[in-house]
Amino acid sequence: MSPQAFWQSDERLNGHTGWFREVACPGVDRFETLMSSPDGQEAVARLAEAVSGEILEHAYWGGMRDRLPASQTDALAGSHPLRPTQPRPGERVIIEGHHNIALIRSGQNWEHTVGAERERYLGEVEPVLREGMAFLASSDGVGAGCLSNRYLRVLDDNFAPIARSYGLSWWQSLAHMEAWAEKHPTHLKIFGAFMGMLQAIASPPSLRLYHEVSVLQAGDAQFEYINCHASTGLLRLAT
Ligand code: HEM
């Protein structure tokens, strides 16, 4: 059976399994990525043949917006998300992303950390990261403009967890995402714990961080939920 036939089959509407896909196709001028070390390529950046050296547009609030080429000529203002209707079991729900819906994947790789750095990361940074991710996934997160958030652990080929994770979240607008990063206590706590770790180890960290942000035009993001529970992805916005 082809993947398309599998996806379209009415059999997906039955049983105890829900299926979903959230597809983002940003143009290059609406995509940016930043990594903490030149060998830390992850996600879309792995397609690149080479990366630039250090850039000026980082280490200040607003740097991420400045790295998006489209922001030079466009305020990238969001609009109100379309509210899906309450899903019922056995139903397909298709949602078109609204103009300038924003997506971030923000990843952590602690595979190469040892000793005090690993202890500080796992003991002080990761717990506040988890809290921040739980906030965004809660109904308070919706109030902050976060439409959906997942905190994910990367698995190996045998489905065993490895020392990598990432947060994946959809936002009503880039401005909402920025406001959370710059002002909300949960991201500021993550930021503070990370800075504390850097001071404590007093040598270049082995922790690798990266993120990638997209701001999508209308028609460039599509969501489909089949037989899913009502809190899956954007379905939590249902009225
Ligand atoms: C261990 C986890 C994390 C650490 C240590 C961390 C730390 C930081 C730091 C140092 C910056 C400034 C980067 C620069 O421009 O040089 C930053 C920016 C940012 N972070 Fe985090 N962060 C973490 C996780 C997350 C997560 C999970 C999200 C969202 C899901 C997030 C959202 C953002 C955003 C949107 C910015 C850009 C703000 C701007 O340029 O205006 N961060 N973070």
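This is a predicted model: local features need pLDDT of at least 70, side-chain atom pairs count only at pLDDT 80 or more; totals for chains, interfaces and linings use all residues.

Biologist: Which protein donor does the iron atom of the ligand have?

Modeller: His-187 is the only one, and its NE2 sits at 2.2 Å from the iron.

Biologist: And where is His-187 found?

Modeller: In helix α6, which covers residues 185-201.

Biologist: Okay, switching to the sheet. What's the strand order?

Modeller: It's an open sheet of 5 strands, ordered β2-β7-β4-β6-β5, with antiparallel pairing. The edge strands are β2 (31-35) and β5, each pairing on one side only. On average, neighbouring strands are turned by 10° against each other, ignoring direction.

Biologist: How many bridges join β4 to β7?

Modeller: There are 9 between β4 (residues 101-109) and β7 (residues 208-216), and the two strands run antiparallel. As an example, Ser-106 has His-211 in β7 as its bridge partner.

Biologist: Which strands does helix α5 lie across?

Modeller: Helix α5, residues 174-183, lies across β4, β6 and β7. Its angle to β4 is about 40°.

Biologist: New topic: Asp-157. Where is its place, and is Asp-157 buried or exposed?

Modeller: Asp-157 is in the loop between β5 (146-155) and β6 (161-171). With a relative accessible area of 75%, Asp-157 counts as exposed, because the cut-off for that is over 50%.

Biologist: How many residues apart are Asp-157 and Gly-40 in sequence, and what's the separation in space?

Modeller: They're 117 residues apart in sequence and 20 Å apart in space, C-alpha to C-alpha.

How values were computed:
Residues are numbered from 1 along each chain as its sequence is written. Side-chain values use heavy atoms; hydrogens and water are left out. Donors are N, O and S atoms within 2.8 Å of the metal (3.2 Å for Na, K and Ca); water is not among the atoms, so sites may look incomplete. Helices (H or I, at least four residues) and strands (E, at least two) are DSSP runs, numbered from the N terminus. Buried means under 20% relative accessible area, exposed over 50%, partly exposed in between (1.4 Å probe, protein chains only). Two strands pair if DSSP finds at least two bridges between them. Axes are lines fitted to C-alpha atoms, for helices over the stretch in contact, and angles run from 0 to 180 degrees between N-to-C directions. Contact means heavy atoms within 4.5 Å.
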